[in-house]
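Hi there,

Here is the structure I promised to pass on. Please open it alongside this email, and my notes follow below.

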Amino acid sequence: MFSKKLIPSLISADVTLEGEIKSAGAIQLDGTINGQIAVNHLTIGEQGQVIGTITAEEVVIKGRVTGSVTATSVILEKSAQVQGDIFHGTLSIATGAEVDGTVKKLETENVTDLSQPKVEKRPIPKSQVAN
């Protein structure tokens with residue numbers, strides 16, 4: 001679960017970002033992101049909006065998401081509006097939250113662990129293989 005000691009990066013209500021955002025930390029989104037987000041923890045405030053895909057360990061949605069969400073833990077607060085698919089390990093939906101899409105439980109190994117560095121697997125050339 002999210003550590004209370006971790007201070008999130010803040011994207012304020014007057015900010016609009018386009019592109020890809022990656023972070024091993026936490027983000028508090030009160031503005032708009034149009035693109036792909038891959039973070040450890042994402043909180044989308046009531047004024048926050050994501051148009052794109054979200055991959056995270058934990059997502060708390062109070063605002064609006066148009067696109068897919070994939071996370072170990074997804075929490076939809078009463079003001080949440082999600083138009084897209086949700087793939088989750090655990091899911092909490094408050095009364096009043098809106099979801100227009102499919103909701104599917106994932107095995108935990110299907111969710112990306114953003115805390116570990118990615119290692120690209122490449123085949124070993126035959127010339128480097130010991131006989």
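To begin with charges, the structure holds 1 salt bridge, a term used here for a side-chain nitrogen of Lys or Arg within 4 Å of a carboxyl oxygen of Asp or Glu. Side chains of opposite charge can pair when their charged atoms come close. The partners here are Lys22 and Glu20, with an N to O distance of 3.6 Å. Both Lys22 and Glu20 are exposed (over 50% relative accessible area; buried means under 20%, and partly exposed lies in between, with a 1.4 Å probe and protein chains only).

A word on what you are looking at: this is a predicted model, where local features need pLDDT of at least 70, side-chain atom pairs count only at pLDDT 80 or more, and totals for chains, interfaces and linings use all residues. Residues are numbered from 1 along each chain as its sequence is written, and side-chain values use heavy atoms, with hydrogens and water left out.

On confidence, pLDDT is the predictor's own score for each residue, from 0 to 100. The chain averages 85, and 77% of the residues score at least 70. Residues 114-122 have a pLDDT below 50, and this stretch has 9 contacts in the model beyond near neighbours in sequence (contact means heavy atoms within 4.5 Å).

Now the overall build. The chain has 0 helices and 10 strands, both taken as DSSP runs numbered from the N terminus (helices are H or I, at least four residues; strands are E, at least two). Of its 131 residues, 35% count as buried. Among contacts between residues at least 6 apart in sequence, 9% join residues at least 24 apart. The chain exposes about 8,200 Å², with carbon and sulfur atoms supplying 50% of that; accessible areas come from the Shrake-Rupley method with a 1.4 Å probe, and for residues only the protein chains shown count as cover.

Which strands does strand 6 run parallel to? One is strand 4 (residues 49-61), joined to strand 6 by 7 bridges, and another is strand 8 (residues 86-93), also joined to strand 6 by 7 bridges. Strands pair if DSSP finds at least two bridges between them.

Within strand 6 you will find Thr70. Is Thr70 buried or exposed? Thr70 counts as buried because its relative accessibility is 17%. Leaving out residues up to four places away in sequence, Thr70 touches Ile54, Thr55, Ala56, Phe87 and Leu106.

Ile93, in strand 8, is partly exposed, with a relative accessible area of 45%. Together with Val99 and Val103, Ile93 makes a nonpolar surface patch of about 220 Å². Patches are made of residues with over 30% relative accessible area and no salt bridge; like charges are joined within 9 Å, nonpolar side chains (Val, Leu, Ile, Met, Phe, Trp, Tyr) within 5 Å.

Finally, have a look at Ser9 in strand 1 (residues 9-11). Ser9 is partly exposed, at 44% relative accessible area. Beyond its neighbours within four places in sequence, Ser9 is in contact with Ala26, Ile27 and Gln28. The C-alpha atoms of Ser9 and Ala26 are separated by 6.2 Å, although the two residues are 17 apart along the chain.

Best wishes
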